[in-house]
Every structure is written in C-alpha cells, then in structure tokens.
Amino acid sequence: MKYQNIREEELKNKVGADWFGQFDTTEIIGNIDFAVFPKHPSLPGRVALLWAEAKTGNFDVATMFVQLILTIGKARTFDKTLPPAFLGAFDFKKIAFVPYNHVQDLFYENDFNWNVAPSNHESREFLLIKNRIEATLSENTYAFDFQKDEKELQIFIENNVAQASGAGKIKIDKNNFIPIYLRWLETVKPIIDVNWDQLKKINIFDNDFYLADLFVDDRDTQKTEDDISIRDNLFVVFQNQGYKIAKENIKQIFDATISIKSKDAYQQFWKRYKRPPLKEFQDYIIERRDLLVSQDIRERKGAFFTPRIWVELSQKYLTDYLGENWQDDYYVWDCAAGTGNLLAGLTNKYNIYASTLDQADVNVMHERIEQGANLLASHAFQFDFLNDDFTKLPQSLQNIINDEQKRKKLVIYINPPYAEAASMSTVTRKGVNKTDVAVTTKVYQKYKSTIGISGRELYAQFFARIYAEIPDSVLAEFSKLKILQAPNFLNFRNYFQAKLEVAFVVPANTFDNVKGKFPIGFFIWNMGIKEPFSELESDIYDSKGDFIGNKMFINTPIGRSINDWLITTRNRNNEFNIGFLSAKGSDFQNVNFIFIINEKNKLPHPRGTWITDKNIIEVSIYLSVRHCIKATWLNDRDQFLYPNDGWQTDLEFQNDCLAFTLFDNSNNITANEGINHWIPFTEREVNAKEKFASNFVTQFIGGKLKTTPNAHATLFGNEAALVHGNEPLRFSTEAQAVFDAGRELWKHYHAQKDVDANASLYDIRAHFQGRNDQGRMNAKGIDPQYKVLIGDLRETLNALADKIKPKIYAYGFLKQ
C-alpha cells in the first residue's frame with residue numbers, strides 16, 4: 001500500500017506533496033484535517049478548493065465522509081469561511097471526492113443534534129447521517145486508489161479541483177444571520193457614507209442597514225414586493241445601489257439617498273451569501289433584530305429570548321395562581337422587556353408596562369404598537385433598571401409602586417439577562433473574567449454587601465432591587481436554578497425572604513443563545529409573605545412542552561455540602577499520599593472536574609484533597625457518589641450533600657465504591673507521572689513481566705496494611721467502621737465482576753510487547769486507543785480483543801453503579 005504504517009500527520013504531508021503540490025495545503029481550517037487552497041497567498045477572499053478527512057488505516061468512504069460532515073456541522077465552519085467546491089476523504093490506500101453542494105442541505109437541518117463527537121462512529125447522530133448520505137455518495141462520489149488509479153486521479157484534480165471556484169453561496173438562516181452581521185460590521189458598515197451619530201438621533205441604527213441588505217435578491221433588488229410584513233418591518237431599504245429611509249415619519253426629517261463608498265468591497269462581501277434568507281427563517285430574523293448588536297453589547301445585555309411556548313405556559317401558570325381575571329385585577333411590568341415578546345398574549349394594555357435598556361428595542365415595540373400590538377406607546381419606554389432612579393418612570397407606574405395597596409397588585413413579569421462575571425472558559429483558564437459585565441451597576445454597589453457573590457449575576461441584581469424597593473408585589477420570573485440551590489447564592493437566599501408559590505422547569509437549550517444542558521425555571525414569588533426558601537416540588541416539561549413529571553428542589557444549608565464532608569477526611573496521622581482528588585463544586589454540572597490524578601499541580605484550579613492510605617475509602621465514596629448517577633439537563637444544578645451516618649457501618653457500600661473508583665474513567669493516575677499505587681492486581685494475577693513499584697491496593701484489599709484508629713474515626717463515633725487493615729475486604733458479587741473483567745484487560749495488556757509493567761488503567765486505555773494530533777486520547781481502540789474487554793469492564797462497572805445508586809439517596813448524599 002502506498003502510505004501504509006505512517007502517522008496521520010505524515011499521511012497528510014505526503015498526500016499534500018504528492019497530489020496537491022501546485023496548491024497550498026498548509027492552512028488549517030478549524031478541526032478539519034486537510035484543506036487545499038489556490039497558491040495565491042496575497043489573493044483577497046481566497047476560497048478553499050477542498051476540505052478533507054484524513055485517516056490512517058483502511059476505512060470505508062462513507063464513514064470518513066460522515067466524520068467530516070459532523071466536524072463541519074458541529075463547528076458550523078461554513079458560517080465562518082466560504083465552503084469549498086469539494087469535500088474529500090482519504091486513508092493510506094484511497095481518496096474520494098464529493099461536490100459540496102450535494103451534501104450542504106444536511107447542515108441546515110433544524111432538529112439535528114450536531115453537538116456530538118464526530119469520531120464516535122457508534123453515536124445515533126453518526127448513524128443517522130450515514131443513512132442519509134449513503135445513496136448520495138454512491139451517485140456523486142469520485143473515488144480513486146492511489147496506486148491503481150494514479151493517472152485518473154491526476155486528471156481529476158487538474159480538471160475539477162484546480163478549476164473549482166467554491167461551492168456557491170452560503171444560505172442565510174437563524175443560526176448564521178448574527179455571525180454574518182458581525183462580519184458585516186467590520187466590512188460593510190465602514191463603507192456606508194453616512195453620519196451614524198446623526199442617524200441615532202432619529203433612532204436609525206446599523207442593524208437597520210444590515211436588514212436592508214439581507215432582504216434583497218441576487219440582483220440587489222429589495223425583496224419587499226412579495227411580502228408586506230417584511231416591507232412594513234424594514235426601517236431602511238436598499239434602493240438604486242444605496243439606501244433610503246423607509247419610515248414615513250422619519251423620511252420627513254431625513255430623505256437623502258445614502259451611498260456606498262466602495263461598490264467593489266460591498267459586492268465582494270455579499271457574493272458569499274445567498275440572499276434573501278431562507279423563507280422559513282425570514283419572520284424570525286425580522287423579529288429578532290434585537291440580537292443584532294455588537295458582541296460586547298450582546299455579552300453585557302446577556303439576554304435570553306423567551307420562546308413562545310414558554311411565554312404561553314408561564315401565562316397559564318399566572319392565570320392558575322392569580323385567577324381567571326388577573327389581567328384586569330393586576331398591573332404588569334416587564335422591566336427587562338427587550339422587544340416585548342414576553343408580553344405577547346396579554347390583553348389589558350392599560351395595565352401593562354414594558355421597559356428596556358436599549359432605545360432600539362423601544363423603537364421596535366413602538367413599531368409593533370403602530371401595527372396593532374396590545375401596548376400603549378406611553379407604557380413602553382427606555383429605562384435602565386440596574387442604574388436609573390424610579391423617578392424616571394412614567395408617573396402612572398410610580399403611583400402604583402408608591403401605593404401600598406396597588407403595589408400588592410403589581411406583577412413584575414420578567415426574563416432578565418443572565419450575564420455574569422465568570423464562565424466555564426475562565427474556570428479552565430481559557431478566558432478572562434468579564435467583571436465589567438455585572439459589577440459596574442448602581443444596584444450591585446448598593447446590595448453587594450447583602451447578597452454577596454451572587455450579585456455578580458445580573459438577574460440576582462434585578463431580584464434584589466425588586467425585593468427591596470417594590471415590596472409586597474408578585475415576582476414572576478425566568479431564571480437559572482442557582483437562586484434555589486447554588487452555594488454561592490446562600491447570602492442571596494438569606495436576604496430574599498419571599499414565598500415561592502409555584503414553579504416549572506424546562507431545558508435551557510430551548511432558549512435562543514443558550515448553550516449547555518441545564519434547567520431554566522419559571523417561578524412565581526409572593527413577596528408579601530416573608531418566608532425563607534427550603535424546598536418546592538416543581539413541574540417539569542420537555543423541549544416540546546410536554547409535561548413529564550415533578551422534581552423536588554432543595555435549599556442546601558451552609559456547611560452541609562458533600563465538599564464540606566470531604567474536608568473532614570484530611571490531615572490524619574502518619575499518612576502518605578497516593579494521589580490527588582480534584583473536587584470542584586458540589587453539583588452535577590461540575591462532574592467533569594471530579595477525577596483523580598497524581599499531583600495537585602496538574603490542575604487548572606486548586607480545589608480538592610490529597611488521597612492517602614488513611615482516607616482512600618472516603619475518597620472512593622466521594623468519587624463514586626459524584627459519578628454513578630449521570631448528569632442530565634434536569635439534575636445539572638442538584639447539590640450533593642453532607643451524608644448521614646449510615647454509610648459508616650455499611651462496609652459493602654464502602655468496598656463497592658472502592659471497586660468503582662479503581663476502574664472508572666475518572667481515575668487518571670498514570671505511571672508516567674510517578675509511582676502508580678493504584679494497581680488492583682498482583683503481578684501473578686496478570687502475568688506481569690516485572691515486579692510492580694507499588695502493591696498498595698492489593699495489600700490494602702488483603703488486610704495487610706495495619707492501621708490504627710484515628711481522630712477522624714473518633715469524630716464519627718465508630719472506630720471499627722474506618723479501620724480497613726485488620727482483615728481482607730469482602731466485595732459484593734457486582735464488585736467481583738468488575739475485578740474479573742478488569743483482570744482480563746490487564747492480562748491482555750501485559751501480553752503485549754514492550755509495555756510498562758506499572759501501567760494504570762489510564763495508561764492501558766492510552767496504549768490501545770492512542771492519541772490524536774492534539775494529544776487527546778481517542779474514543780476507542782482498534783484492537784478487537786481490547787474492544788471486547790473494555791466493553792465488558794464498562795458493562796460490569798455500570799451494573800455496580802446501579803447497585804450503588806440507591807444508597808446515595810439512602811445516606812443523604814442526594815435528596816429525591
């Protein structure tokens with residue numbers, strides 16, 4: 001075979017040199033393995049000719065193309081750079097090409113989950129894509145053997161790849177209209193010949209020009225004749241190779257044609273995109289013009305647009321709680337209204353108020369009022385709730401707030417912004433804290449000493465001011481569940497003493513601009529009743545709006561989390577370290593930060609505890625409790641708690657947890673970074689070729705490590721339960737099955753040539769699975785026997801986890 005037994009990087013280099021020498025193959029496009037460009041580095045707007053997947057080994061063509069499609073779709077690479085004419089896939093033996101336009105429709109599937117690992121060939125999404133494209137590939141793929149079809153391949157590259165000029169224009173949809181706008185700001189806005197400050201005074205903004213550009217056809221003709229709703233919602237139109245103000249009341253002030261300073265630059269930008277947007281997304285894009293702001297403003301606003309399905313459901317809950325006539329009996333103020341979508345469906349416009357930070361959003365609401373929206377223009381106004389004084393409010397609203405009886409009939413109905421100072425990227429040292437997002441407001445300065453660190457989140461600031469300055473009203477709000485459960489919100493919960501009457505939770509990713517799998521709740525608080533939150537049973541709805549059950553949410557008392565319990569396992573007499581447990585956070589969302597490594601200095605954060613010969617059982621319990629129950633969107637914010645005493649005398653539970661910890665993927669001990677004290681077998685059991693550097697685990701299990709009662713055991717009042725050295729540990733049937741499966745895996749490893757006798761489970765996995773170009777361990781190995789053995793180990797480990805789960809609740813680590 002032409003390229004057999006070489007690594008992937010070498011394969012890509014050789015294919016680039018042997019077949020694409022006349023092109024540039026050095027540029028890297030996201031996570032795509034291989035890209036081919038024309039050899040004109042100074043050419044502006046250079047478009048790739050080929051994106052390709054590269055594989056060592058011998059793969060079927062469809063599998064390689066599916067992995068490439070998932071890689072592109074997950075990163076939405078086609079939104080960031082113009083796609084090529086061809087997609088390709090090659091391994092050591094063959095190369096194949098398919099025209100991009102034959103598969104591009106896959107990337108615009110609305111109901112497909114792209115957030116999967118492209119390299120996982122067993123995932124549901126991988127198989128779905130494979131089924132979808134196999135027929136297309138069989139009809140449109142050009143495949144060549146590097147050796148047998150050498151001449152034909154050269155001709156194909158010369159006549160097709162070399163002559164290609166791109167895949168055509170990018171279709172505009174709900175997912176990419178914002179990224180395109182951000183590029184438009186950099187390229188097109190500077191060449192529009194207008195005084196932007198002058199336009200702002202008449203409430204015309206750059207996003208109005210962008211929308212005018214979007215809704216033209218390929219001949220730059222404004223697309224308004226066919227759709228009255230689009231025409232009526234455009235403040236600016238594209239006309240005669242320039243722009244005109246579309247609104248009659250503004251045209252009287254500003255009726256000049258606005259020209260474009262560089263027609264060539266304008267055309268170069270828009271030739272990449274197919275205009276107008278896809279028909280099914282046009283109304284959505286018009287409606288969501290509020291999202292068309294620069295990235296720094298988007299982060300500061302932090303707004304999550306409320307989907308219509310949850311607007312309707314929240315109003316049903318309000319009706320159930322306040323009564324059928326509540327809209328006549330109560331006043332409603334949305335003080336974070338955006339463009340007012342949360343208020344759609346309310347009927348009594350004389351009792352409704354809507355305020356928002358941005359004047360542009362007020363303009364949209366006023367336009368809607370002109371078109372029949374059920375609001376009074378005088379009740380839709382600009383107001384910065386986190387900075388402005390209430391004296392800036394309309395007098396009628398001030399009268400309600402200042403009247404004790406009327407205030408009891410005021411419903412603050414909001415989906416506030418969720419921007420905060422820190423994100424996951426700051427936790428993992430990949431970003432910087434956005435401190436100025438949340439800590440520069442007057443409300444933060446006023447209440448920070450009372451609500452503590454929770455004040456770094458904007459929605460907590462909204463609630464703090466509402467609670468203090470609009471007392472006895474009703475707060476009906478959408479927010480994350482931190483307000484109920486998060487340890488960082490303990491000060492807030494001590495301050496916010498309102499009765500939580502009713503709630504429902506839904507998946508957060510059903511909201512626009514929300515990534516991640518966690519719940520967002522709708523809560524109705526009676527602020528006229530002073531009552532600390534302790535617990536509440538909430539309704540649950542799935543992403544389609546179907547009721548799927550109930551869930552209890554519980555306030556975690558200070559000092560009673562599982563991490564508080566873990567602290568008690570530290571600093572025992574005459575102990576020696578065998579590893580370090582990373583232990584960040586006490587809820588499910590931090591599960592990826594719960595793992596064992598050799599040394600503390602490898603962590604991106606300092607939280608955790610040393611594992612020693614004295615606390616290995618408690619650490620094993622901790623790790624097992626955190627990993628046996630899988631994280632879901634619904635339990636994402638659930639807190640692990642300080643346990644009751646039941647676990648102390650349940651030796652089978654303790655030993656089950658030890659077995660789980662020894663064989664779970666969260667145990668990342670490696671012999672490459674020090675002595676591996678975690679080998680669960682003797683040398684004879686696994687036919688090791690050398691003596692192990694440490695037999696700690698087998699000696700501990702065998703009762704050969706003599707220990708004495710310690711201060712911790714006395715603290716819990718049960719010395720015998722924590723003395724694991726007087727007799728061998730006894731394991732349950734499920735734990736023994738895990739050891740049996742693990743033993744076969746270790747034996748298979750030690751039967752290989754040139755292996756490290758002291759290898760850990762992590763090392764064994766790395767040996768068989770290998771690593772990618774970024775140094776990350778691959779998802780699976782190619783050794784057939786290893787696949788069987790690791791599968792058996794995972795199956796027995798899952799059965800052991802199922803056995804442990806009920807005791808997690810029985811011993812109070814979690815509450816149901």
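## Salt bridges

Asp650 and Lys807 join their side chains in a salt bridge, with 2.9 Å from N to O. This pair links distant parts of the chain, 157 residues apart: Asp650 sits in the loop between α26 (616-628) and α27 (651-663), and Lys807 belongs to helix α33 (residues 784-810). Asp650 has a relative accessibility of 13%, and because the limit for buried is under 20%, Asp650 counts as buried. The model is a predicted one, and a search of the whole structure returns 27 salt bridges.

A second pair is Glu469 and Lys446, whose side chains meet in a salt bridge at 3.1 Å, N to O. Here too the pair links distant parts of the chain, with Glu469 in helix α22 (residues 458-469) and Lys446 in helix α21 (residues 442-451), 23 residues apart. Glu469 is partly exposed, at a relative accessible area of 22%, and Lys446 is exposed, at 52%. Asp91 and Lys94 form another salt bridge through their side chains, at 2.6 Å from N to O. Asp91 is buried with 0% relative accessibility, and Lys94 is buried with a relative accessible area of 18%. Salt bridges also link Glu8, Glu9, Lys12 and Asp773 in a network.

## Contact of α26 and α33

Helix α33, which carries Lys807, also packs against α26: the two axes come within 10 Å and cross at roughly 100°. Angles of 65 to 115 degrees count as roughly perpendicular, and α26 and α33 are therefore roughly perpendicular to each other.

On the α26 side the contact involves Ser624, Val625 and Cys628, and on the α33 side Ala801, Ile804, Lys805 and Ile808. Sorted by class, this contact holds five nonpolar residues, one polar residue and one charged residue.

## Sheet β21-β20-β22

Three strands make an open sheet in the order β21-β20-β22, with antiparallel pairing. Its edge strands are β21 and β22 (608-612), each of which pairs on one side only. Ignoring direction, neighbouring strands of the sheet are turned by 25° against each other on average.

Strand β20 (residues 577-583) is joined to β21 by four bridges, and the two run antiparallel. In that pairing, Ser582 has Phe595 of β21 as its bridge partner. Five bridges hold the antiparallel pairing of β20 with β22, where Gly579 has Ile611 of β22 as its bridge partner.

In a regular strand the side chains alternate between the two faces of the sheet. In β21 (residues 594-597), Ile594 and Ile596 point one way, while Phe595 and Ile597 point the other way. All of these residues are buried.

## Sheet β7-β8-β9

Another open sheet of three strands has the order β7-β8-β9, again with antiparallel pairing. The edge strands are β7 (236-239) and β9 (258-259), and each pairs on one side only. Strand β8 (residues 242-245) pairs with β9 in the antiparallel sense over two bridges. Gly242 has Ser259 in β9 as its bridge partner.

Helix α8 (residues 206-214) lies across β7, β8 and β9. The helix runs at about 45° to β7.

Ile412 is placed in strand β14 (residues 410-414). With a relative accessibility of 0%, Ile412 counts as buried. Leaving out residues up to four places away in sequence, Ile412 touches Trp333, Cys335, Ile466, Ile470, Ser473, Val474, Leu475 and Ala476. One of these contacts, Ser473, is 61 residues from Ile412 in sequence, while the C-alpha to C-alpha distance is 7.4 Å.

Asn555 lies in the loop between β19 (547-554) and α25 (562-567). Asn555 touches Leu484, Leu490, Arg493, Phe533 and Ser534, not counting residues up to four places away in sequence. Asn555 and Gln485 are 70 residues apart in sequence and 5.1 Å apart in space, C-alpha to C-alpha.

Notes. Residues are numbered from 1 along each chain as its sequence is written. This is a predicted model: local features need pLDDT of at least 70, side-chain atom pairs count only at pLDDT 80 or more; totals for chains, interfaces and linings use all residues. Side-chain values use heavy atoms; hydrogens and water are left out. A salt bridge is a side-chain nitrogen of Lys or Arg within 4 Å of a carboxyl oxygen of Asp or Glu. Buried means under 20% relative accessible area, exposed over 50%, partly exposed in between (1.4 Å probe, protein chains only). Two strands pair if DSSP finds at least two bridges between them. Axes are lines fitted to C-alpha atoms, for helices over the stretch in contact, and angles run from 0 to 180 degrees between N-to-C directions. Angles under 35 degrees count as roughly parallel, over 145 as roughly antiparallel, 65 to 115 as roughly perpendicular and the rest as oblique. Contact means heavy atoms within 4.5 Å. Ala, Val, Leu, Ile, Met, Phe, Trp, Tyr, Cys and Pro count as nonpolar, Asp, Glu, Lys and Arg as charged, and the others, Gly among them, as polar.
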